[in-house]
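Here is a short report on one protein chain. Look at the sequence and the structure first, then read on.

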Amino acid sequence: MRLEGKAALITGAANGVSGKLMGFGGASARIFAREGAKVAIADINEQDGETTAAQIRGSGADAIFVRLDVTSEEEWANALRVVVSQFGKLDILVNNAGSTSRETVEDTTIEMWDGQMEVHAKGAFLGAKAVIPEMRKAGGGSIVNVSSIFGMIGSPSSTAYHAAKGAVRVFTKAAAIQYAKDRIRVNSVHPGYVDTPMTHQYFTDADLVARRTESVPMKRFGTVEEIAYGILYLASDEASYVTGAELVIDGGATAQ
Ligand SMILES: NC(=O)c1ccc[n+]([C@@H]2O[C@H](COP(=O)([O-])OP(=O)(O)OC[C@H]3O[C@@H](n4cnc5c(N)ncnc54)[C@H](O)[C@@H]3O)[C@@H](O)[C@H]2O)c1
């Protein structure tokens, strides 16, 4: 029960339906609930979000779904109102919602660029801005921002995604410094390659899978649980002296 008594909100957590391919947010929601947290699953995918929350409740834990488009400040205010009225407080925010865009610089349109900046950079900013007053009231909290190894290194494509995830990485440090005095910790997680609903469309390309697998020292992709356990650590009080840090979970891909 590593999160006993904690209330958590996880964005982009709809993909946690049993029997279907899961994402980091969905897997984290299940693990958080198992570790004693009350969990709010926030997403624009209402159907899978509701199902994930219902299944977690079915296991005896406290879980709700709340519709949230992370790019909207009004929706953040509403989601927070719902969560605090249900759980009484908020201790943990996981900014996990995301999407991809795999174009080169020349092929990236302004719409693609803005879309990536909106969901990742603006989403994490609005999330932190919304929850900090509530966490301060609760005497502290933990914000975990899901960036990527693509927020640290480049690749032949994914231009706007790299830029947006890089923004999340350094935004994390700015927020960590500003709110350390309020006992609010802010850290980033940098996953490597994992097959999830978001990336599945690309991993039907056998050549790409082979190239990426070969580039990882452990010679395999990660699992959603391996990422979720990293998020769990940073969310929990076990990480009470950790803030502004980057947790890379990538099978050694960026160590070389
Ligand atoms: N899968 C990987 O290999 C990988 C690697 C590094 C980082 N990541 C990052 O991990 C995070 C989770 O992705 P995932 O791969 O687990 O896939 P996923 O498909 O489970 O996660 C994306 C979720 O975000 C939701 N979402 C998209 N836009 C949203 C918005 N505006 N508001 C609220 N929710 C929104 C989607 O509905 C979906 O449920 C993302 O930020 C992604 O960039 C993924």
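## Terms and source

Helices (H or I, at least four residues) and strands (E, at least two) are DSSP runs, numbered from the N terminus. This is a predicted model, where local features need pLDDT of at least 70 and side-chain atom pairs count only at pLDDT 80 or more, while totals for chains, interfaces and linings use all residues. Residues are numbered from 1 along each chain as its sequence is written, and side-chain values use heavy atoms, with hydrogens and water left out.

## The chain as a whole

The chain has seven helices and seven strands. From the N terminus on, they run β-α-β-α-β-α-β-α-β-α-β-α-α-β. The radius of gyration, taken over C-alpha atoms, is 17 Å.

Seven strands form an open, parallel sheet in the order 3-2-1-4-5-6-7. Two strands pair if DSSP finds at least two bridges between them. Strand 3 (63-67) and strand 7 (246-249) stand at the edges. Each has a single partner strand, so one side of each lacks a neighbour in the sheet. Neighbouring strands are turned by 20 degrees against each other on average, direction ignored.

Strand 5 (residues 141-146) and strand 6 (residues 184-191) are joined by six bridges. Ile 143 stands opposite Val 186 in strand 6.

## Helices on the sheet

Contact means heavy atoms within 4.5 Å. Axes are lines fitted to C-alpha atoms, for helices over the stretch in contact, and angles run from 0 to 180 degrees between N-to-C directions. Helix 3 (residues 73-87) lies across strand 1 (7-11), strand 2 (38-43), strand 3 and strand 4 (92-95). Helix 3 runs at about 160 degrees to strand 3. Helix 4 (residues 110-137) touches strand 4, strand 5 and strand 6. The direction of helix 4 makes about 180 degrees with that of strand 4.

## The cavity

A cavity is a set of points on a 1 Å grid over the protein atoms alone where a 1.4 Å probe fits but cannot get out; lining residues have an atom within 4 Å of a point. The structure holds one cavity of 30 Å³ or more. Thirteen residues line the largest cavity, and the closest to its centre are Asn 95, Asn 96, Ala 97, His 120 and Ala 124. Helix 4 gives the largest share of the lining, four residues.

Notes. On a 1 Å grid over the protein atoms alone, a cavity is a set of points where a 1.4 Å probe fits but cannot get out, and a pocket is an open set with protein on both sides within 12 Å along at least five of seven lines; lining residues have an atom within 4 Å of a point. Grid points are joined across faces, edges and corners, and a volume is the space filled by probe spheres set on the points. The radius of gyration is taken over C-alpha atoms; the globule rule is 2.2 Å times the number of residues to the power 0.38.
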